Amino acid sequence: MRVSETVFEYVDLGLPSGTLWASCNVGATKPEECGDYFAWGETKPKDDYCGHNYKWQWLGSDKVTKYCCNEGWGIVDGKRELDFKDDAAFVNWGADWLMPSSFQIKELIDFCTWTWTQLNGVYGQRVVGVNGNFIFLPATFSRHVSDHQEVSSFFYGSYLSRTLSLCDGLCFNLFFNSNSVGEDVSSRLSGYPVRPVRMK
């Protein structure tokens with residue numbers, strides 16, 4: 001089925017910006033599924049998440065070829081938000097959808113009530129908006145660089161944003177565990193799930 005024929009569900013959490021959050025991750029069919037994993041700025045899942053196969057890294061180097069704000073990391077282009085063609089939500093779900101920005105992640109944290117719980121046997125956070133509507137974010141595992149390691153966990157989750165940190169090797173993400181939730185940074189190379197957003 002083509003993306004244009006697929007209807008992806010969303011939830012209105014009553015957020016001030018009007019942001020609507022998808023009910024499941026890219027590559028998932030149920031809220032409790034992790035779905036596909038992506039390196040930051042890539043739009044397809046892969047088997048290995050490391051420097052030698054990262055789309056925006058020179059072979060044999062730790063320098064990046066796009067999304068760079070520091071000449072020590074590569075060719076400076078000043079880009080800190082993903083272009084549409086490099087956004088996993090936009091490419092896989094269509095033009096109405098994007099990966100969340102750092103601002104949208106902070107809004108979700110600040111305006112919603114977070115409760116650690118289970119959905120169909122899967123641990124995660126139930127995120128209730130100001131209007132009483134909610135989404136479920138499952139705990140996830142991350143796919144790491146260099147050793148092809150999968151770190152599985154029932155007790156934390158990490159989701160990519162579309163916003164680059166000022167430290168070019170890192171991007172902002174949503175991080176939570178059973179006790180807390182916040183914005184964090186992660187390696188651009190590692191694989192993480194994506195929960196798309198759209199506007200009213």
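Analyst: Cys-171 is buried, with a relative accessible area of 0%, where buried means under 20% relative accessible area, exposed means over 50%, and partly exposed lies in between, using a 1.4 Å probe and protein chains only. Cys-24 also counts as buried, at 9% relative accessibility. A search of the whole structure finds zero disulfides, a disulfide being a pair of cysteine sulfur atoms within 2.5 Å.

This is a predicted model, in which local features need pLDDT of at least 70 and side-chain atom pairs count only at pLDDT 80 or more, while totals for chains, interfaces and linings use all residues. Residues are numbered from 1 along each chain as its sequence is written, and side-chain values use heavy atoms, with hydrogens and water left out.

Of the 200 residues of the chain, 48% count as buried, and one of them is Gln-104, with a relative accessible area of 7%. Gln-104 lies in helix 2, residues 102–111; helices (H or I, at least four residues) and strands (E, at least two) are DSSP runs numbered from the N terminus. Setting aside residues up to four places away in sequence, Gln-104 touches Thr-19, Trp-21, Met-99, Arg-162, Val-197 and Met-199, where contact means heavy atoms within 4.5 Å.

Val-197, one of these partners of Gln-104, is found in strand 11, residues 197–199, and is buried at 3% relative accessibility. Beyond its neighbours within four places in sequence, Val-197 is in contact with residues including Leu-20, Trp-21, Trp-97, Leu-98, Pro-100 and Gln-104. Val-197 and Tyr-10 are 187 residues apart in sequence, but their C-alpha atoms are 8.0 Å apart in space. For the chain, residues 24 or more positions apart account for 54% of the contacts with a separation of 6 or more.

A cavity is a set of points on a 1 Å grid over the protein atoms alone where a 1.4 Å probe fits but cannot get out, and lining residues have an atom within 4 Å of a point. The count comes to one cavity of 30 Å³ or more, and about 40 Å³ of space lies in the largest cavity.

A further buried site is Asp-86, at 1% relative accessibility, in the loop between strand 2 (19–22) and helix 1 (88–93). The side chains of Asp-86 and Lys-66 are joined by a polar contact of 2.8 Å, that is, a pair of N or O atoms within 3.5 Å, of which, within protein, one must be able to donate a hydrogen and the other to accept it, while residues adjacent in sequence count only if both atoms are side-chain atoms. Asp-86 is also in contact with Tyr-67, which is buried at 0% relative accessibility and has a phi near 60°, a positive value in a residue other than glycine.

Definitions and conventions. On a 1 Å grid over the protein atoms alone, a cavity is a set of points where a 1.4 Å probe fits but cannot get out, and a pocket is an open set with protein on both sides within 12 Å along at least five of seven lines; lining residues have an atom within 4 Å of a point. Grid points are joined across faces, edges and corners, and a volume is the space filled by probe spheres set on the points.
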